[in-house]
Amino acid sequence: MPLAIVCVLCNILLFFPGGKPVEKDHITEQVWYFGGILGSGVLMIFPALVFLGLKNNDCCGCCGNESCGRRFAMLSSILFAAVGVAGAGYSVIVSAVAINEGPQCVVNTTGAVKFWDTPFSNGDYLSDKAIWSKCLEPPGVVSWHLSLFSVLLVMGLIQMALCAVQVVNGLLACLCGDCCGGSDAV
């Protein structure tokens with residue numbers, strides 16, 4: 001849950017490049033894909049709630065077999081973990097593309113007219129901090145963009161790993177049930 005909340009907050013902050021409000025046309029395209037809000041946020045809340053519910057699952061069982069209920073609970077956790085992997089994967093892809101393309105910023109001014117563009121290509125700004133000066137406004141937009149999308153990327157990778165572990169755990173518990181460790185397995 002904390003990872004999902006951080007991702008949603010990062011995505012919201014990206015709507016204010018450099019911490020300043022700008023017109024919606026001047027916000028980087030990848031922010032509008034809602035990788036942090038939808039992918040690592042909303043789609044991760046469902047698996048998180050299921051995982052939290054598993055520890056309190058008393059599994060009433062079916063057909064007189066208590067392990068049947070546990071196996072079904074673990075099977076459903078696999079499905080929700082797969083949703084989590086897909087959501088976090090979406091966030092990771094959006095973040096990686098955004099980091100590669102760089103922020104949208106003012107690159108030139110003529111009088112009162114400001115020219116907005118995405119001045120970086122193929123991540124060239126990542127290894128050469130000197131070219132960050134191409135972005136004239138908003139102040140600090142490059143570090144803002146890079147920091148927040150990097151947080152989304154790392155959080156998405158962590159979420160993917162946690163969900164992948166739950167898929168393996170759920171699969172083993174679903175298939176083995178009581179055979180892997182007595183009646184207290186799962």
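**Exercise 1. Is lysine 114 buried, partly exposed or exposed, and which residue does its side chain meet in a salt bridge?**

Step 1. Lysine 114 has a relative accessible area of 42%, so this residue is partly exposed. The classes are buried for under 20% relative accessible area, exposed for over 50%, and partly exposed in between, with a 1.4 Å probe and protein chains only.

Step 2. The model is predicted: local features need pLDDT of at least 70, side-chain atom pairs count only at pLDDT 80 or more, and totals for chains, interfaces and linings use all residues. Residues are numbered from 1 along each chain as its sequence is written, and side-chain values use heavy atoms, with hydrogens and water left out.

Step 3. Side chains of opposite charge can pair when their charged atoms come close. The side chain of lysine 114 forms a salt bridge with that of glutamate 137, at 2.7 Å from N to O. A salt bridge is a side-chain nitrogen of Lys or Arg within 4 Å of a carboxyl oxygen of Asp or Glu. Lysine 114 is in strand E2 (residues 113–117) and glutamate 137 is in the loop between E2 and H4, so the pair ties together parts 23 residues apart in sequence.

Step 4. Glutamate 137 is partly exposed, with a relative accessible area of 28%. A search of the whole structure finds 1 salt bridge.

**Exercise 2. Describe the order of the elements and the overall burial of the chain.**

Step 1. The chain has 4 helices and 2 strands. Helices (H or I, at least four residues) and strands (E, at least two) are DSSP runs, numbered from the N terminus.

Step 2. Read from the N terminus, the order is α-α-α-β-β-α.

Step 3. Of the 186 residues, 39% count as buried. The chain exposes about 10000 Å², and carbon and sulfur atoms supply 67% of that area. Accessible areas come from the Shrake-Rupley method with a 1.4 Å probe; for residues, only the protein chains shown count as cover.

Step 4. Among contacts between residues at least 6 apart in sequence, 69% join residues at least 24 apart. Contact means heavy atoms within 4.5 Å.

**Exercise 3. Which residues form one aromatic cluster, and which form the nonpolar patch?**

Step 1. A search of the whole structure finds 4 aromatic pairs. Rings of Phe, Tyr and Trp (its six-membered ring) pair if their centres lie within 6.5 Å; planes under 30 degrees apart count as stacked, over 60 as edge-to-face and the rest as tilted.

Step 2. One of the pairs is phenylalanine 15 with tryptophan 32, edge-to-face at 4.9 Å centre to centre and 75 degrees between the planes. Phenylalanine 15 is buried at 16% relative accessible area, whereas tryptophan 32 is partly exposed at 36%.

Step 3. Tryptophan 32 also pairs edge-to-face with phenylalanine 34, at 6.4 Å and 85 degrees. Phe15, Trp32 and Phe34 form one aromatic cluster.

Step 4. The nonpolar surface patch consists of Trp32, Tyr33, Phe34, Leu38, Val42, Phe46, Phe80 and Tyr90, with about 690 Å² of accessible area together. Patches are made of residues with over 30% relative accessible area and no salt bridge: like charges are joined within 9 Å, nonpolar side chains (Val, Leu, Ile, Met, Phe, Trp, Tyr) within 5 Å.

Step 5. The largest share of the patch, 3 residues, comes from H2.
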